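Okay, thanks for making time, everyone. Let me put the structure up on the screen and we'll walk through it together.

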Amino acid sequence: MPRKTLHVLPLEGKTTVGFVNLGCTKNQVDAEVMLGGLAQDGFELTSDAERAQVVIVNTCGFIEEAKRESINAIIEYGELKKSGACKVLIAAGCLAQRYQGELLKELPELDGVVGTGEIGRIAEITRRLLHRPQTTERVWAGPPPYLYDARTPRMRIGAAHSAYVKIAEGCNRQCAFCAIPLMRGKQRSRPIASIVEEARRLAEEGVRELNLISQDTINYGADLGIRHALTKLLEELVTIKGLRWIRPFYLYPQQVDEGLIDLYAGHEKIAKYVDMPLQHISAAVLKRMRRLGDKRFITGLVERLRTRIPGLTFRTAFIVGFPGETERDFAELRAYLAEMAFDRVAIFLYSDEEGTGAADLTRKVDRGVMEARREELVALQESIALKKNRARIGSTLEVMIEGPSEESDLLLAARHEGQAPAIDGVVYINDVVEAPSPLIHLKKPRRGAAELRPGELAKARITDAWADDLVGHIEG
């Protein structure tokens, strides 16, 4: 859960705001909306926390580790009220929405708490806390109805050529382990026209990759009364000039219709990449998790997707240690991973989240057992991923240039269609002799490819592979 660094805006004589963003890509979009509102209201945004008069920590509250990281960040930046310029410290986001008064009680350095339903008011709330430091109103965390639209000010903090677009907020499902509905509320979808307007503007600004996110993307539009709404949205988005990859995230196994599969298979702009968390495969565990479907249904769906969508990359996620998970349940999950050979797999430890159905279940699994099970699955998946990546050696892939590698200025980072940003590894290009941003100079100019810019597409011949990353060189 990396913390995002902001570039200093060239404004003088303004109140300075430092912003720390934690958590998922949905939190990143919330952060960008808050930053856009603050900038429009005249605040100066700074990456130098020492000189920030206001520090906002956009928290995550999904699992125990994320909550701990958020609390540690609040404590860390709270020290700036003693040693820096900080006058106001604000906690925003999921943890703020969920724990509100508890945060203020346990962390006296906090001046205000802003929940997920109030992020559109962040500039107003910040000014109120600055000008009325003794105000008794310190919590802004009512029901979370907020959902930004195409006209909402937004300052993106990611790569210029790749953007996240939140198409819906909240979730109507009742998975026993998940606290998202407690923090984000029921599902609320944006109108198709609003999303298309935002996507068109992003493409005009140079975005080549559009990542569609929500808590339950496959259920997009159900609350608006639109059948097959995700398919209809994608049919609109593929007409936008300039976009190359459109990548929906988080597809629940149910509701995958034939029209959606046809679109994935038949349109080059829809990335041949499915992100579908399955959570478990044991029938007993799935039932206790309140997940729909069973092994037969899930296997049939995965095989249908693989058959119908040539070159598909399938990413999924599983939870180990759910209450009542037996050795037999775990062995079934381990065998399933070996059998299905998924391209990408995230393995999470179960975490008791108060207010969820699973928190009250008995037969908790020992933490040490959970960690051992996770390590076993991670090792298994690494061996599968390494074998799959080694099979790519000698092939030529279309890649999107990311820019100079964080590993070395002598390496260029790129991604192929099956590598989502930030979570799936990269293709290291070893043709680079120097890499001043934003131009990437190749060792040997090949038929007009002497300079590659971030977001540009190129052909890379793969020469080496690891479990997560590939190595290659640019072909002319």
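So, to start us off: in which sense do β1 and β2 pair, and over how many bridges? They pair in the parallel sense, over three bridges. Keep in mind that what you're looking at is a predicted model. One of the spots to look at is T16, which stands opposite E44 in β2. To get from β1 to β2 the chain goes through α1, and that β-α-β crossover is right-handed.

Now look at the other neighbor. β1 also pairs with β3, again in the parallel sense, this time over five bridges. Here V17 stands opposite V54 in β3.

Is β1 buried or exposed? Six of its six residues are buried, so the strand is largely enclosed by the rest of the structure. And that goes for both faces: T16, G18 and V20 point one way, V17, F19 and N21 point the other way, and all of them are buried.

Okay, on to the cores. The largest nonpolar core has 81 residues, and the ones touching the most other members are L210, L237 and L305. α7 gives the most to this core, with six residues. Apart from it there's another core, of 22 residues, and V54, which we met opposite V17, is among its members, along with I56, I122 and L130.

Last stop, L237. Leaving out residues up to four places away in sequence, L237 touches V196, A199, L210, L212, L243 and I246. L237 belongs to α8, residues 229-237, where A229, L230, T231, L233 and L234 are buried too. And what covers the buried residues of α8? The cover includes α7 (192-204), β10 (209-213), β11 (245-248) and α9 (258-266).

That's my tour, happy to take questions.

Conventions: Residues numbered from 1 in each chain as written. Predicted model: local features only at pLDDT ≥ 70, side-chain atom pairs only at ≥ 80, totals over all residues. Heavy atoms only, no water. Buried < 20%, exposed > 50% of the residue type's maximum accessible area, 1.4 Å probe, protein only. Helix = DSSP H or I, 4+ residues; strand = E, 2+ residues; numbered from the N terminus. Contact = heavy atoms within 4.5 Å. Core = buried A, V, L, I, M, F, W, Y, C linked by side-chain atoms within 4.5 Å. Pairing = 2+ DSSP bridges. Right-handed = clockwise from strand over helix to strand, strands pointing away.
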